[in-house]
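Me: I am new to this structure and would like to learn how to read it. Please take me through it feature by feature.

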Amino acid sequence: VDLEILQTVTSGDDGDEFFVATPTRSNNNKNNNEGDNKNNNLAKNKGEQDESSSLRRKLDLGSIKRAMDDIYRTAKLLHNFSIMNYTGFVKIAKKFDKTFKDHKGLFKGNNCDDGKGAEVLAGKMERLYANWFCNGDIREAQAQMLSKRGDGLMMDWTQLRLGYRLGMCSILALWVAWDSVWGHLSRGEVSIGGRTAFPVFRGCFGLLAWHWFWGLSVYIWTRFRINYIYLFEFDPRNVDTPIDIFNDAVDETLVYLICMLLYYKTDSDDQLFP
């Protein structure tokens, strides 16, 4: 009891008055509740900050890994290219010495780069990657940093398939454009722009254009080493390469053009198939 109030009490028989102390409710419970709520809010905010900092740290580590992989693989490609050029230069110099004996040894020496700088850079990336992400294991770092299929640094059939499907899209687009223009000019018919479903196709075209421009932007950022994943705070595990984005855009464009052609042909007097 923190506080007592004296109250006057009158007896029933002789009218005597006397004072008694009555306890009041304590404010400690209220203060304790406020303190608990405050502590809970602080703990909640701290937990949210820890979670946000942990997510930020994962994104930063993913960006660092991608940058180091890119530098390492480019250094390896440059080193292989230098070795190939150096080997060719040595063979040409030997042929020159045999042909022009008076000038033998003219090209002897360090007249051609043998790729030592690129090799040193690749070794430095291996050691840094191993110390930061592989507990000092150079073998594991080399395995993780090697070129992978479809990462843009290894040649495969992905680009050929993409070019083939892009050709199909171009043919279908020309077909749709030709039918629309020719039908309007030759017979005065309303082109697809005046049909009922054209607003639907126009909206889908806007989404397709956005997808194509996004793939082009990602390709340019990757080509000029702009770390867009870090700038936009994307999860590196869920980011597609430019080739994957273009493949998806090509598939969507094929479906879009086929649907547009079928709609236009079925609503006109022409036959789609003779």
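Me: Which element gives the largest share of the nonpolar patch?

Reply: Some ground rules come before the answer. This is a predicted model, in which local features need pLDDT of at least 70, side-chain atom pairs count only at pLDDT 80 or more, and totals for chains, interfaces and linings use all residues. Residues are numbered from 1 along each chain as its sequence is written, and side-chain values use heavy atoms, with hydrogens and water left out. A patch is made of residues with over 30% relative accessible area and no salt bridge, joining nonpolar side chains (Val, Leu, Ile, Met, Phe, Trp, Tyr) within 5 Å or like charges within 9 Å. Accessible areas come from the Shrake-Rupley method with a 1.4 Å probe, and for residues only the protein chains shown count as cover. Here the largest share of the nonpolar patch, four residues, comes from α5.

Me: Which residues form the nonpolar patch on the surface?

Reply: The patch consists of Phe-213, Leu-216, Tyr-219, Ile-220, Phe-224, Ile-226, Tyr-230, Leu-231 and Phe-232, with about 940 Å² of accessible area together. At least two of its residues come from each of α5 and α6 (228-231). One member to look at is Ile-220, in helix α5.

Me: Is Ile-220 exposed or partly exposed?

Reply: The cut-offs are these: buried means under 20% relative accessible area, exposed over 50%, and partly exposed in between (1.4 Å probe, protein chains only). Ile-220 counts as partly exposed because its relative accessibility is 38%. Leu-207 is also found in helix α5 (residues 198-223), and with a relative accessible area of 61% it is exposed. The C-alpha atoms of Leu-207 and Ala-249 are separated by 10.0 Å, with the two residues 42 apart along the chain.

Me: How many helices and strands does the chain have?

Reply: Helices (H or I, at least four residues) and strands (E, at least two) are DSSP runs, numbered from the N terminus. The chain has seven helices and two strands. Read from the N terminus, the order is β-β-α-α-α-α-α-α-α. Of the 274 residues in the chain, 22% are buried.

Me: How many salt bridges does the structure hold, and what should I look for?

Reply: Side chains of opposite charge can pair when their charged atoms come close. A salt bridge is counted when a side-chain nitrogen of Lys or Arg is within 4 Å of a carboxyl oxygen of Asp or Glu. The structure holds one salt bridge. It joins the side chains of Asp-251 and Arg-165 (2.1 Å, N to O). This pair links distant parts of the chain, 86 residues apart, with Asp-251 in helix α7 and Arg-165 in helix α4 (residues 158-186). Asp-251 is partly exposed at 34% relative accessible area, whereas Arg-165 counts as buried at 19%.

Me: Where are the charged patches, and which residues form them?

Reply: For charge, Lys and Arg count as positive and Asp and Glu as negative, while His and the chain ends are not counted. The place of a charge is taken as NZ of Lys, CZ of Arg, CG of Asp or CD of Glu. Lys-91, Lys-94, Lys-95 and Lys-98 form a positive surface patch. Lys-94 is found in helix α1 (residues 28-99) and counts as exposed at 54% relative accessibility. A negative surface patch is formed by Asp-240, Asp-244, Asp-248 and Glu-252. Asp-244 lies in helix α7 (residues 242-266) and counts as partly exposed at 35%.

Me: How many disulfides does the structure hold?

Reply: A disulfide is a pair of cysteine sulfur atoms within 2.5 Å. The structure holds zero disulfides. For Cys-204, the closest cysteine sulfur is in Cys-259, 8.6 Å away, too far for a bond. Cys-204 is partly exposed, at 35% relative accessible area. Cys-169 is buried, at 6%.

Me: Which loop holds Asn-135, and what is the value of its phi?

Reply: Most residues other than glycine have a negative phi, and most peptide bonds are trans. Asn-135 has a positive phi, near 55 degrees. It is found in the loop between α2 (116-133) and α3 (138-145), and is exposed at 81% relative accessible area. Glu-233 also is not a glycine and has a positive phi, about 60 degrees. Glu-233 is in the loop between α6 and α7 and counts as partly exposed at 47%.
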